[in-house]
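Biologist: I am new to this structure and would like to learn how to read it. Could you walk me through a few features?

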Amino acid sequence: MDTRNILVIEDNKLNMKLMRGIFKLGNYQIIEAFDAETGIRLARQHKPFLILMDIQLPGMDGLDATQIIKSDPLLKDISVVALTGFAMQGDEEKAKASGCDGYLTKPINVNEVLETIAEIHRKHCQSH
Ligand code: MN
């Protein structure tokens, strides 16, 4: 596992651009995927400590992708934080049920993202 790498799976180009800026501030290396299938492939290749997972994706959605990641012995230790624009009741529960370790609501709040990531980063640095 690489404690510098963060994989973002997000089909919205503006959100991806925003994440790029946020991770530059935090000195993280961002790996970008615009769909779940590519994201899972890049997770195997780059072994990020964290995946920010948009729920609404073209093709496979973020919840199904998280279930695949969490049932793969090589990927299951990666933290997955769900991103959703639909702050609907029940979304957080659905994300947790699919194996997500955390949950962020769009619109993206820079400080909230950095704090969430820093906390997860600390945990991974302690355990590896
Ligand atoms: Mn989306």
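Modeller: Gladly! Let us start with a definition: a salt bridge is a side-chain nitrogen of Lys or Arg within 4 Å of a carboxyl oxygen of Asp or Glu. Keep in mind that this is a predicted model.

Biologist: Which residues are linked in a network of salt bridges?

Modeller: Glu-10, Asp-54 and Lys-106 make up such a network. Within it, the side chains of Lys-106 and Glu-10 meet at 2.9 Å, N to O. This pair links distant parts of the chain, 96 residues apart: Lys-106 sits in the loop between strand 5 (102–105) and helix 5, and Glu-10 in the loop between strand 1 (2–9) and helix 1 (13–25).

Biologist: Are Lys-106 and Glu-10 buried or exposed?

Modeller: Residues under 20% relative accessible area count as buried, and both Lys-106 and Glu-10 are buried. Asp-54 is buried as well, at 2%.

Biologist: How many salt bridges does a search of the whole structure find?

Modeller: The search finds nine. Among them is Lys-94 with Asp-91, whose closest N and O atoms are 3.8 Å apart. These two are separated by about one helical turn, because they lie three residues apart in helix 4 (residues 91–97). Lys-94 is partly exposed at 44%, whereas Asp-91 is buried at 11%.

Note on methods. Residues numbered from 1 in each chain as written. Predicted model: local features only at pLDDT ≥ 70, side-chain atom pairs only at ≥ 80, totals over all residues. Heavy atoms only, no water. Buried < 20%, exposed > 50% of the residue type's maximum accessible area, 1.4 Å probe, protein only. Helix = DSSP H or I, 4+ residues; strand = E, 2+ residues; numbered from the N terminus.
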